[in-house]
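Please keep the sequence and the model at hand while reading.

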Amino acid sequence: MKTIKQVFAYLKGLWIVLKYSFKRPITIRYPEEKRILPQRSRGRHYLTKWEDGAERCVGCELCAIVCPSQAIYVKPAENTPEEMHSHGERYAADFQINMLRCIFCGYCEEACPTGAIVLGNDFNLVSDNRQSLIYTKDMLTEKTPGDSGRDPKREI
Amino acid sequence: MLADIIEVLIKGIVLVLILMGAAAYMTFAERVIMARMQLRLGPNRVGPLGLLQPIADGIKLLTKESFQPAGVDIFTYWLAPCISLFTALFAFVLIPIGGTVELWGRPIRLQIANVDSGIVFLLAFSSLAVYGVVLSGWASNNRYSLLGGLRGTAQLISYEIPMGLSLLTIALAAGTLNLEKIVDAQKASWFVWSNPVSFIIYVITAFAETNRAPFDLPEAEQELTAGYHTEYGGMKFAMFFIAEYVNILAVSAIATTLFLGGWHGPGNIPVVWFLLKIALFVFFFIWVRATLARFRYDQLMSFGWKVLTPIATLNLILTAYFILV
């Protein structure tokens, strides 16, 4: 009796597998078709700006401190009355993220007191050399406020 | 006489080419079908619908370094893939693919050798296939390979007996060992209807014979890192691979010949029927591989000796009784 049951289970398994072969595959042809990611999925970083074009980053280095893989380098500098980069006293003179080290945990985004660093949806970060995967401040900073998809009017 | 020799040579070359091509495209079919069963897309990059994938694989394997690990038994190491491939190809010498066709005014039988004791030859050569496995395992100077080879030996020996017993019932029912006469005997009714138990036993043992899932213990990737062909690369590995797939075709062809009426079927398309029946078996092999998990070694042995062998013996005795009485 037990044997018959086991044989029946095998046949049932075969039947289920056959049924699945007529289902639509859940994988996609990647470069031709692209999956729309959830809005809050974490991809490459952006350094956002205020509505008036000033940088949000105040060079506090909290993101660099919280980063578990030590991928972020911030070089802060003092704002001068003639040259105000951000709304605070300091700004980031240099800001680098090593995309090879980054694990996309999003802690930098959580730690940032001004909401300067945000993670976008772009996950397609490939290169054939290491140098180009160290993103500099130019590459990270959004060109015009709101490029990253974050509302430039939002406070934090 | 000379014309006969040329005919046999041409038939042989055509058959080998067809079998190699079929083996290459079986790998492709297996990858696509298994992918669909696992809700994946499978290979679809090389050529239209990925149809050139086997050719790309072949080029890759051909151009690989011909590597030979240190400490191998050189002669046996190089001989083993040849044995595997040869024994796999040999079965097709005996199998009747169709009836007799007329080409350029010459009757050509679609079978290379019409041997009177065809079944015996088939059994002999399917047993010889184990030499490829065990010699490669032993010659590789690798413990995993050796274990794979030993498993292969034990498995093939224990599954050879029920297979032989199940094929004997066909010999009894047909009253002959000649494969062509066995096919002719099934013109009215296939032997699968009169000997269903033999058929089931044969199919199960065929999985063990070809080292396919769920009986793929000699080449278990997870436990033995691919078993007996761990140390083989490039074209030597490809020969094992082709041998495995030609073996699947061979056991499918034997099952078709002995149980499913060979090339008989409605309409006057013998070869097409033969190929269709083989394709059915090949699909079944792939389907089972996508479904069933590998047996544990003791389960495999106890299944072979405690279940299959007694059933096959009983089946043989019953068949003999009904045929005699």
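In this predicted model, helix 1 (residues 2-37) of chain B packs against helix 10 (residues 234-259) of chain B at an angle of about 100 degrees, and their axes are 9 Å apart. Angles of 65 to 115 degrees count as roughly perpendicular, so helix 1 of chain B is roughly perpendicular to helix 10 of chain B. On the side of helix 1 of chain B, the contact involves B:L19, B:M20, B:A22, B:A23, B:M26 and B:T27. These meet B:I242, B:Y245, B:V246, B:I248 and B:L249 in helix 10 of chain B. By class, the residues of this contact are 10 nonpolar, 1 polar and no charged.

A second pair in chain B is arranged in another way. Helix 4 (118-139) and helix 5 (143-174) of chain B pack at an angle of about 175 degrees, with their axes 8 Å apart. Because angles over 145 degrees count as roughly antiparallel, helix 4 of chain B is roughly antiparallel to helix 5 of chain B. Residues of helix 4 of chain B in the contact include B:I119, B:L123, B:V130 and B:W138. Helix 5 of chain B contributes residues including B:G148, B:G149, B:G152, B:L156, B:E160 and B:G164. The contact has 11 nonpolar, 9 polar and 1 charged residues.

Helix 4 and helix 5 of chain B are also among the neighbours of helix 8 of chain B. Helix 8 (residues 196-209) of chain B has 14 residues and spans 20 Å from its first C-alpha to its last, close to the 20 Å expected at 1.5 Å a residue. Is helix 8 of chain B largely enclosed or largely exposed? Of its 14 residues, 10 are buried, so helix 8 of chain B is largely enclosed by the rest of the structure. Among the buried residues are B:F199, B:I201, B:Y202, B:I204, B:F207 and B:E209. The buried residues pack against helix 4, helix 5, helix 7 (191-194), helix 10, helix 11 (270-291) and helix 12 (297-324) of chain B. Just after helix 8 of chain B, B:N211 has a positive phi of about 55 degrees.

In chain A, A:R90 lies in strand 3 (residues 90-98). A:R90 counts as partly exposed because it has 17 C-beta neighbours inside 10 Å. Beyond its neighbours within four places in sequence, A:R90 contacts A:V58, A:G59, A:P76, A:A77, A:E78 and A:N79. A:N79 is 11 residues from A:R90 in sequence, and the C-alpha atoms of A:N79 and A:R90 are 5.1 Å apart.

Key
Residues are numbered from 1 along each chain as its sequence is written. Chains are lettered from A and ligands numbered from 1 in the order in which they are written. This is a predicted model: local features need pLDDT of at least 70, side-chain atom pairs count only at pLDDT 80 or more; totals for chains, interfaces and linings use all residues. Helices (H or I, at least four residues) and strands (E, at least two) are DSSP runs, numbered from the N terminus. A residue is buried if 20 or more other C-beta atoms lie within 10 Å of its own, exposed if 12 or fewer, and partly exposed in between; C-beta atoms are placed from the backbone. Two residues are in contact if their C-beta atoms, placed from the backbone, lie within 7 Å. Axes are lines fitted to C-alpha atoms, for helices over the stretch in contact, and angles run from 0 to 180 degrees between N-to-C directions. Angles under 35 degrees count as roughly parallel, over 145 as roughly antiparallel, 65 to 115 as roughly perpendicular and the rest as oblique. Ala, Val, Leu, Ile, Met, Phe, Trp, Tyr, Cys and Pro count as nonpolar, Asp, Glu, Lys and Arg as charged, and the others, Gly among them, as polar. The expected span of a helix is 1.5 Å times one less than its number of residues.
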